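Me: I would like to learn how to read the features of a structural model, one at a time. Could you take me through this one, giving the general idea first and then the case at hand?

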Amino acid sequence: MRYLRVWLFFIKTAIIRTLEFRADFVAWMIINLLWMVFQLTFFWVVYQHTDAIAGWNADQLRVLLGTGYLLEFAVWTFGYPNLGRISGYVSRGELDLFLLKPLNSQFHVSFKRMSPHNVPSVAPAALLVITGVQALGIQVDLLTAAVYLALVGAGMAIFYSLWFMSVTTVIWLQRCINIQELFLVALPAQKVPPEVYGLLGRFVLTFVVPVAMVTVFPTQAAMGLLSPQMAGVMVATAAVLLWLSSRLWTFALRGYVSASS
Amino acid sequence: MNRYLAILRITWQDRLAYRAEAIIWMLVDASPLVVMAAMWIAIYGTATGAGAVTLGGLDLRQMVTYYVLVTFLGILIGAHSDMAIIEQIRDGLIAPFLLRPLPHITFILLEDIGWKTLTTGVFLPVFGLALFWLRDYVLPPADIAVVPLLVITIALSYVLFFLIAYLVGLCAFWMQEAMSLAHVKDLLVMLLGGAMLPTSVLPDWMQAVAMALPFRTIYALPAGIYLGQVRGWEIVQGWATQVAWIAVAYVTYRVMWRAGTRRFALVGG
């Protein structure tokens, strides 16, 4: 509860900060939406030439893409502004300030900032999912919707944990490096039908480095194709990875040598 | 000549300090190739009909080769100096350049070339790996005789792309939000330059727009020459288009630089 209150406060400060630079906000908002339109153009053009990509028709892919954009929305709004700075905190010794606050330091470094100009892109993402499901003629009850949203949340948790763990290594590297970019290599991979990667690649991306799971499982849930067991596996994966990320963080901090004085 | 080499050497030394960063950026740049290649293999797979299917006049092997080419060209000629120039102008760091004996554009060009030689060198092993993975799909040049022509085309593409990025950078003299303009440039190059899709796959009206703009000569032209889709007089026409746009960009540069620095002096005092 206290953490929720602190988080809301973080969001409020971020919004106030953004309101100082309104033209910038509008410009970036437009750019973000343009990128999305542009990526959708790619699939639109491809579907002019074919009925299905790896067995996914245009409507099914729309749900997958929408889910992928929901994840990307979280990545750019909440993930990158925070995880992208950790390397800098470590090399400038600013991490000390986080460690001294009466707040869980992992929570603090992961949620302190956000970029509001990404928020509007949540609307087209949701629209893709909703229109896709409608076009497929699927009746969505409240339970399915709830499971879908829970799995999207679990997907964000999985992505966050893996990403956070990769960034945590910077404490040992002890220098400013763009380590946060490394895990983002996985970002384009999750908006594509997993069948594309062949059997081995699909297994690796689902269960070894579970980035395909992140969007595909919720998508299947929305289309009524996911078994409850698999939904359970996904939630459990999210929980385990979150736990692992906090263990790794505390373990890494034990070896932290401050860079400041 | 010596002073040019000196700038190159400084760039190398400067950039070598950031080896690890360079490697990570490269992986980020190259990762779409893996996704794209896998996806096109699947797209052609479901379009069925063995190897006979073509999209926009390209069969599967040509399509995969196209993406390999475009990824490599992206590392070799991708122009991103606009971001640095925007920061220089915004933070006033451009002022010292105005006093130096070489024009600012020469510094930026040499820095870019220095950076490119390094990244291309580091990228080659990664690229080799990708080629090995895609060995069943990647085609050699349509005709070995086009290789020298290709070198000329790529050199012109580089100059054109560099100038476009530089002009976008100069917009920071007038615009607070020039950074978003840099993204618009990237978008246009991706879509109409052929970096995301071969331009021949685009709907007709988009192809018409692409024909009227310089971007398609950056990626789509060299890739088309390599694949043998563009040949003979079409190559010469392509060069003419490139040279014409370079001329336009250069004149625009002269005008913008003069007006911009004058304006900057007023603002910066």
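## Reading salt bridges, contacts and a surface patch

Reply: Let us begin with charge pairs, where the count comes to 7 salt bridges over all chains. Please keep in mind throughout that this is a predicted model.

Me: Are B:Asp82 and B:Lys185 buried or exposed, and which residues are joined with them into one network?

Reply: Both B:Asp82 and B:Lys185 are buried. B:Lys185 also meets B:Asp186 in a salt bridge, at 3.3 Å from N to O, and B:Asp186 is buried as well. Through shared partners, the salt bridges join B:Asp82, B:Lys185 and B:Asp186 into one network.

Me: Which residue forms a salt bridge with A:Glu94, and how is A:Glu94 classed by accessibility?

Reply: The partner is A:Arg92, with the closest N and O atoms 2.8 Å apart. A:Glu94 counts as partly exposed because its relative accessible area is 28%, a value that falls between the limits of 20% for buried and 50% for exposed.

Me: Turning to the two chains together, how many residues of chain B are in contact with chain A, and how much area is buried between them?

Reply: On the side of chain B there are 35 residues in contact with 33 residues of chain A. The buried area between the chains is about 3000 Å², and carbon and sulfur atoms give 81% of it. B:Ile24, B:Met39 and B:Leu187 supply 19% of the area that chain B buries against chain A, more than any other three residues.

Me: How many salt bridges and how many residue pairs in polar contact are counted between the chains?

Reply: Between chain B and chain A the count is 0 salt bridges, while 2 residue pairs are in polar contact, both at pLDDT 80 or more. Helices α2 (19-46) and α8 (178-192) of chain B each supply at least two residues of the side that touches chain A, and the largest share of that side, 15 residues, comes from α2(B).

Me: Where is A:Asn178 found, and which residues of chain B is it in contact with?

Reply: A:Asn178 sits in the loop between α8 (170-173) and α9 (179-183) of chain A. Once neighbours within four places in sequence are left aside, A:Asn178 is in contact with B:Glu21, B:Ile24 and B:Trp25. A:Asn178 is classed as buried because its relative accessible area is 7%, which is under the limit of 20%.

Me: What should I look for in backbone angles, and what is the phi of A:Ala54?

Reply: Most residues other than glycine have a negative phi, and most peptide bonds are trans. Phi of A:Ala54 is near 50 degrees, a positive value in a residue other than glycine. A:Ala54 is found in the loop between β1 (52-53) and β2 (56-57) of chain A, and A:Ala54 is buried, with a relative accessible area of 16%.

Me: Finally, which residues make the nonpolar surface patch, and which helix gives the largest share of it?

Reply: The patch, of about 690 Å², is made by A:Leu200, A:Phe203, A:Val204, A:Phe207, A:Val208, A:Val209, A:Met230 and A:Val233. Helix α10(A) gives the largest share, 5 residues, while α10 (198-208) and α12 (228-254) of chain A each supply at least two. A:Met230, which lies in helix α12 of chain A, counts as partly exposed at 31% relative accessibility.

Key
Residues are numbered from 1 along each chain as its sequence is written. Chains are lettered from A and ligands numbered from 1 in the order in which they are written. This is a predicted model: local features need pLDDT of at least 70, side-chain atom pairs count only at pLDDT 80 or more; totals for chains, interfaces and linings use all residues. Side-chain values use heavy atoms; hydrogens and water are left out. Patches are made of residues with over 30% relative accessible area and no salt bridge: like charges are joined within 9 Å, nonpolar side chains (Val, Leu, Ile, Met, Phe, Trp, Tyr) within 5 Å. Accessible areas come from the Shrake-Rupley method with a 1.4 Å probe; for residues, only the protein chains shown count as cover. A salt bridge is a side-chain nitrogen of Lys or Arg within 4 Å of a carboxyl oxygen of Asp or Glu. Helices (H or I, at least four residues) and strands (E, at least two) are DSSP runs, numbered from the N terminus. Buried means under 20% relative accessible area, exposed over 50%, partly exposed in between (1.4 Å probe, protein chains only). Contact means heavy atoms within 4.5 Å. Buried area is the accessible area (1.4 Å probe) that two parts lose on being put together, summed over both. A polar contact is a pair of N or O atoms within 3.5 Å; within protein, one must be able to donate a hydrogen and the other to accept it, and residues adjacent in sequence count only if both atoms are side-chain atoms.
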